[in-house]
Amino acid sequence: QVQLVESGGGLVQPGGSLRLSCAASGIFASINVMGWYRQAPGKQRELVADISSGGTTNYADSVKGRFTISRDNAKNTVYLQMNSLNPEDTAVYYCDADVLTWSGRNRDYWGQGTQVTVSS
């Protein structure tokens, strides 16, 4: 079993910054892609950014130039640095990991979510 534990959410004023962290623990061979998704009230969950084990990144157009995803493979941790936040960024942010198990199968795991609220 794999657990993803997120931290770093909270309330921030427009124009402010937050840094989210997500640490994976458990028994697995490796982690392929790690990513961040978000879901605002009444909307579908959407990809914010993801990063491969080799460091290749992918961003939603709405966050390009403002958010930066990174990871520490030794710590099985992914980060999301969010700058220039605006109220439209308000959502529950979820961490996702594509994990390779020791049986050779790929499985997808999700964190419990962390609330980010951008408001004055």
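Biologist: Is the disulfide of Cys22 and Cys95 left-handed or right-handed?

Modeller: This is a predicted model in which residues are numbered from 1 along each chain as its sequence is written, local features need pLDDT of at least 70, side-chain atom pairs count only at pLDDT 80 or more, and totals for chains, interfaces and linings use all residues. Side-chain values use heavy atoms, with hydrogens and water left out. A disulfide (a pair of cysteine sulfur atoms within 2.5 Å) joins Cys22 to Cys95, with an S to S distance of 2.1 Å. Because the torsion about the S-S bond of Cys22 and Cys95 is about -80°, the disulfide is left-handed.

Biologist: How many residues apart in sequence are the parts that Cys22 and Cys95 tie together?

Modeller: Strands here are DSSP runs (E, at least two residues), numbered from the N terminus, and helices are H or I runs of at least four residues. Cys22 lies in strand S3 and Cys95 in strand S9 (residues 91-100), so the distance along the sequence between the parts they tie together is 73 residues.

Biologist: Does Cys22 count as buried or exposed?

Modeller: Buried means under 20% relative accessible area, exposed means over 50%, and partly exposed lies in between, using a 1.4 Å probe and protein chains only. Cys95 has 0% relative accessibility and counts as buried. Cys22 is likewise at 0% relative accessibility, and therefore counts as buried.

Biologist: Which residue stands opposite Tyr79 in S8?

Modeller: Strands S3 (residues 18-26) and S8 run antiparallel and are joined by six bridges, and two strands count as paired if DSSP finds at least two bridges between them. Within this pairing, the residue that faces Tyr79 of S8 is Ser21.

Biologist: Which residue in the turn of the S7 and S8 hairpin has a positive phi?

Modeller: S7 and S8 run antiparallel with six bridges between them, and in this pairing Phe67 stands opposite Met82 of S8. The two strands form a hairpin with four residues between them. Most residues other than glycine have a negative phi, and most peptide bonds are trans. Here a phi of about 50° belongs to a residue of the turn, namely Asn76.

Biologist: Where does Ser84 lie?

Modeller: Ser84 has a positive phi of about 50° although it is not a glycine. With a relative accessible area of 42%, Ser84 is partly exposed. Its place is the loop between S8 and S9.

Biologist: What is the relative accessible area of Thr77, which is buried?

Modeller: Thr77 lies in strand S8 (residues 77-82), a strand that is mostly covered, since five of its six residues are buried. Apart from its neighbours within four places in sequence, Thr77 is in contact (heavy atoms within 4.5 Å) with residues including Cys22, Met34 and Ser70. Thr77 counts as buried because its relative accessible area is 8%.

Biologist: With which residue's side chain does the side chain of Arg66 make a polar contact?

Modeller: Arg66 is found in the loop between strand S6 (57-59) and strand S7 (67-72), and it is buried, with a relative accessible area of 15%. A polar contact is a pair of N or O atoms within 3.5 Å; within protein, one must be able to donate a hydrogen and the other to accept it, and residues adjacent in sequence count only if both atoms are side-chain atoms. The Arg66 side chain reaches the backbone oxygen of Ser62 at 2.9 Å. At 2.8 Å, its side-chain partner is Asp89.

Biologist: Over the ring of which residue does the charged end of Arg19 sit?

Modeller: A charge sits over a ring if NZ of Lys or CZ of Arg is within 6 Å of the ring centre and within 35 degrees of the ring normal. One such case is Arg45, which lies over the face of Tyr94 at 3.8 Å from the ring centre. For Arg19, the charged end is 4.1 Å from the centre of the ring of Tyr79.

Biologist: What is the angle between the planes of Tyr37 and Trp110?

Modeller: Rings of Phe, Tyr and Trp (its six-membered ring) pair if their centres lie within 6.5 Å, and planes under 30 degrees apart count as stacked, over 60 as edge-to-face and the rest as tilted. By this rule the count comes to one aromatic pair. Tyr37 and Trp110 form an edge-to-face pair, 5.0 Å centre to centre, and the angle between their planes is 65°.
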